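Please keep the structure open while reading.

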Amino acid sequence: MTIRSYWMALLLVTAGFVPLTGVQAQSGAPNIRSFGVNQVPELVPGTELIFRLSGTAAGTVLLDVDGVPSQLGLSETSAGNYEGAYTISIRDKIAYNAKVKATLKLGNRQTTATLAQTLLTDASFARASAAAHPNPQISRIETRHSGALSGGHEISFVVNGSPGGAVQVSLDGGNTAIPLVEEKAGHYSGRYTIKTRDQVTETSQALVTLTVADKITRASKSLVNGAVVPTALVTPPPCDGCGVVQAVNIVKVKGKPNYLGAIAGGVAGAALGNQVGKGDGKSAATVLGAVGGAVAGREVEKRVRSDTRYDVVVKLDNGTTRTVSYESDPGLRVGGKVQFNGEVLQARD
């Protein structure tokens, strides 16, 4: 640029002919404010995926979806708001946990964002995840020892099962754990030196726990030398609404009187006032007696009709606490196992 051109440009800027603010806005990096999808119940051919993105206006938005060979474009429907739909093809291989990345380009600058949602609805995603990660399997347990199960002697363990997991063995029902090492895919082994305080015999059970991802399988074998093909120990599903009675509080509740007590008390009070009153004060004494008798009658009835309430406090298996009130003794005792069936509390075995 010549000196003359430079001064001409500076003159134009000074005169206000060059929109500097616009130039600065274009030179900044674009921004993605939000990125979402209409979740679907299944990812099969013909399913339509609708994406929405909000960010810097006048840009270009492209999506990369795992399992879709080509990029998808979103159109700017209004300033800074982009939207687009894609119909799944028979050629696509979109997994339940597919990732989606959005790229917003503005000139020679760009920014990216990863979709935080899953393409599937939460319920469908949970089912697909469970199907993709079935419960691990324990196919063989072997135990070996020198013949003496006393302090200082060793027990060796070999477990075969699903690869890529973590295996622990317990000799006391799960209170302590002996970790095994995966020497090769699906082959776990380890040793344990018996402590003098251990109480183990050949009939003692070695409880094996195999964990793969968030799935757990358990099986057991006695300490008799040899190997077995175990039967998995089925862990019952968590009981919804189950818990234990933590307390039964007996609460005295003052009864709610009706008008019978007030009327009866008023009649009795009026009669008494009539007898007490003399001369001109006779009418006044009768009225006061009636009012006082009504009040006294209501109080007496409240005492007579006083009730007892039983508040049963239940500690649920999920750690929360609920209280249920009964007008009569429900027959539940502290320590008893119970379960909520809707709003009804029932005893269980």
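A residue is called exposed when its relative accessible area is over 50%, buried when that value is under 20%, and partly exposed in between. The model discussed here is predicted, and the points below are grouped by topic.

**The loop residue Ala58**
- Ala58 lies in the loop that runs between β2 (48-55) and β3, and its phi is near 65 degrees, which is a positive value in a residue other than glycine.
- With a relative accessible area of 63%, Ala58 counts as exposed, because the cut-off for that class is over 50%.

**The open sheet**
- An open sheet is formed by 7 strands, which follow one another in the order β1-β2-β5-β4-β3-β6-β7 with antiparallel pairing.
- At the edges of this sheet are β1 (32-37) and β7 (109-114), each of which pairs on one side only, and neighbouring strands are turned against each other by 25 degrees on average, direction ignored.
- Within the sheet, β3 (residues 60-65) pairs with β4 (residues 72-78) in the antiparallel sense over 3 bridges, and Leu62 has Gly73 in β4 as its bridge partner.

**Arg322 and its surroundings**
- Arg322 belongs to strand β18 (residues 321-326) and is partly exposed, its relative accessible area being 29%.
- If neighbours within four places in sequence are left aside, Arg322 is in contact with Val312, Val313, Val314, Leu316, Phe340, Gly342 and Glu343.
- Although Gln246 and Arg322 are 76 residues apart in sequence, their C-alpha atoms are 9.8 Å apart in space.

Notes
Residues are numbered from 1 along each chain as its sequence is written. This is a predicted model: local features need pLDDT of at least 70, side-chain atom pairs count only at pLDDT 80 or more; totals for chains, interfaces and linings use all residues. Side-chain values use heavy atoms; hydrogens and water are left out. Two strands pair if DSSP finds at least two bridges between them. Helices (H or I, at least four residues) and strands (E, at least two) are DSSP runs, numbered from the N terminus. Axes are lines fitted to C-alpha atoms, for helices over the stretch in contact, and angles run from 0 to 180 degrees between N-to-C directions. Buried means under 20% relative accessible area, exposed over 50%, partly exposed in between (1.4 Å probe, protein chains only). Contact means heavy atoms within 4.5 Å.
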